[in-house]
Amino acid sequence: MDLQVEAEDLVFECTDGIGRITFNRPQARNAFTFAMYERLAAICEAANRDQSIKVLVLRGAGDKAFASGTDINQFREFRTPQDAIDYENRIDRVLTTLEQCRVPTIAAINGFCTGGGAGIAAACDLRIGTRTAKIGFPIARTLGNCLSMSNVGRLTALIGAARVKDLIFTARLVDATEAASVGLLGEVVEDIAALDKRADEVARLLAGHAPLTLNATKQAVARLQRRLTGDEGEDLILMCYTSQDFREGLDAFLNKRAPQWRGQ
C-alpha cells in the first residue's frame with residue numbers, strides 16, 4: 001500500500017504489520033485541516049482492505065499535543081447553515097470510519113488532546129497517555145459550537161452521561177490521573193519515550209492476536225451502542241453554528257480575547 005509520504009501534515013508508515021499515523025503540525029499543536037481528516041479516513045479504509053496491516057497507532061508530532069482539534073481557520077469559510085451541517089457530517093463520517101476500522105486502533109496521547117483531537121482519541125479502541133496529557137472539549141468557553149449526536153453518543157458510551165455534561169459544561173481539561181479514573185485513558189506512562197515504547201509493545205501484542213476475534217469484538221460492542229442519526233441532531237448544530245455567539249467566539253479566539261456570550 002503506497003501511503004508512505006514524507007513531509008506532509010499527516011504521515012503514515014507501516015512496518016511489521018503496525019501502521020503508524022502521525023499528526024504532523026506541531027507548530028499548530030497538530031490542529032486538523034479538512035485534508036488531514038480525509039487522509040485519516042483514507043488510511044483506515046486502506047487498512048480495511050490490506051490484510052497485512054494488523055493494528056494502527058495514532059500520535060501527534062512534537063511534545064506539546066496529540067491533536068488540538070480542527071484548525072480554527074477552517075471555520076472562517078462558513079457562509080451558510082449548510083456549511084455547518086456539512087462540517088459535522090464530515091467529522092461524523094471520518095470518526096465513524098476510524099471507529100469501525102477493521103483493525104485495533106491505539107491513541108498514544110501526549111500533551112493537549114482537545115476538541116476534534118479528543119474526538120479522534122475517543123473513537124480509538126485503546127488510549128495510552130503521558131502524565132502531561134490534557135483531555136477535553138472546551139467549546140463552551142471558546143467557540144460556542146456543539147458536538148454532533150454521534151460524538152455525544154460515542155463519548156457517553158465511553159464515560160457516561162453525567163461526566164460528559166461535567167466535561168463540556170465546565171469546559172475544563174482533565175489531567176492524566178482523572179482521565180484514567182473516568183475511562184478516557186486506559187493507561188498512563190511517565191513521558192514521551194515511555195509512551196512510544198508502551199504503544200509499540202501493545203501494538204505488537206495485538207498484532208499477534210487472532211484478527212477475527214478482535215474484529216468481532218469491535219463489531220459486537222458497536223452493535224450494543226447504536227446511536228441516533230445525524231439528522232436527529234441537525235437542529236442543535238444549526239442552533240449553535242448559525243448563532244451570533246459562534247461568530248463572536250470565532251472572532252474572539254482569532255483575536256485572543258474573551259468572548260462576550262449573548263445566547264443568540
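Strand β4 and strand β6 (residues 112–114) run parallel and are joined by two bridges; strands here are DSSP runs of E with at least two residues, helices are runs of H or I with at least four, and both are numbered from the N terminus. Within this pairing, A67 has C113 of β6 as its bridge partner. The model is a predicted one, in which local features need pLDDT of at least 70, side-chain atom pairs count only at pLDDT 80 or more, and totals for chains, interfaces and linings use all residues. Residues are numbered from 1 along each chain as its sequence is written, and side-chain values use heavy atoms, without hydrogens and water.

The two strands belong to an open sheet of four, ordered β4-β6-β8-β9, with mixed pairing; strands count as paired if DSSP finds at least two bridges between them. At the edges lie β4 (65–67) and β9 (174–175), each of which pairs on one side only. Helix α3 (residues 116–123) packs on this sheet and touches β4, β6 and β8 (134–136), its direction making about 90° with that of β6. Contact means heavy atoms within 4.5 Å; angles run from 0 to 180 degrees between N-to-C directions, and axes are lines fitted to C-alpha atoms, for helices over the stretch in contact.

Elsewhere, helix α2 (residues 81–99) packs with helix α4 (residues 149–159) at an angle of about 35°, their axes being 9 Å apart. In this contact, I91, D92, L95, T96 and E99 of α2 meet S150, N151 and R154 of α4.

The protein as a whole contains 10 helices and 10 strands. Its C-alpha atoms fill a box of roughly 55 × 35 × 35 Å along the principal axes.
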